[in-house]
Amino acid sequence: MKYMHNPCAECDPSDTCLNCLFGALTAATSGIPLDQLEIYCAAIRGGRAVVLPCKVGDTVYANPIGLTTSYVVTFICISQERPSHLFFCCIGNPDWEFYDDEIGETTFLTPAEAEAAKRERGGENDG
Ligand SMILES: [Zn+2]
């Protein structure tokens, strides 16, 4: 099995040695009980796994009126209007809502990303 990493002396150039592979698996699954891993792996294989871009209580950033503002995620649900999309509700001033596919478009996980997006838009919402 090929795994991208810094190969050790035992690794073949085109393949990963078992020690490196076992080390990577151990690191990736550290602290996760085996029965939980089995549930997650079955969900991934069955197309039922979703990885949230953020969780309730996290802060996200947007600049709908020019000024970059922080919002705290208070509620996440599967959208009824847009099936297979997640819908996020946030408190702020004013409150903010977004879909998962709007992260990186209208909503950002860091203030720096929100500021960069505002600059890319050329400050169209400034003023
Ligand atoms: Zn190796």
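Which residues make up the largest nonpolar core? The legends below take up this core and other parts of the predicted model.

**View 1. The largest nonpolar core of the predicted model, with 11 residues.** The members are Val60, Tyr61, Ala62, Tyr71, Val73, Phe88, Cys90, Trp96, Phe98, Phe108 and Ala114. Two or more residues each are given to this core by strand 1 (59-62), strand 2 (69-78), strand 3 (86-91) and strand 4. Strand 1 provides the largest share, 3 residues. In soluble globular proteins, nonpolar side chains tend to be buried together.

View 2. With neighbours within four places in sequence left aside, Ala62 is in contact with Thr69, Tyr71, Trp96, Thr106, Thr107, Phe108 and Ala114.

**View 3. Leu109 in the loop between strand 4 (96-99) and helix 3 (111-120).** Not counting residues up to four places away in sequence, Leu109 touches Pro53, Cys54, Val60 and Ile103. Leu109 and Ser70 lie 39 residues apart in sequence, with a C-alpha to C-alpha distance of 9.6 Å.

**View 4. The two parts of the chain, domain 1 (1-49) and domain 2 (59-120).** The centres of domain 1 and domain 2, taken over C-alpha atoms, are separated by 33 Å.

Methods: Residues are numbered from 1 along each chain as its sequence is written. This is a predicted model: local features need pLDDT of at least 70, side-chain atom pairs count only at pLDDT 80 or more; totals for chains, interfaces and linings use all residues. Helices (H or I, at least four residues) and strands (E, at least two) are DSSP runs, numbered from the N terminus. Two residues are in contact if their C-beta atoms, placed from the backbone, lie within 7 Å. A nonpolar core is a set of buried Ala, Val, Leu, Ile, Met, Phe, Trp, Tyr and Cys residues joined through C-beta atoms within 7 Å. A residue is buried if 20 or more other C-beta atoms lie within 10 Å of its own, exposed if 12 or fewer, and partly exposed in between; C-beta atoms are placed from the backbone. Domain bounds come from an automatic or database domain assignment.
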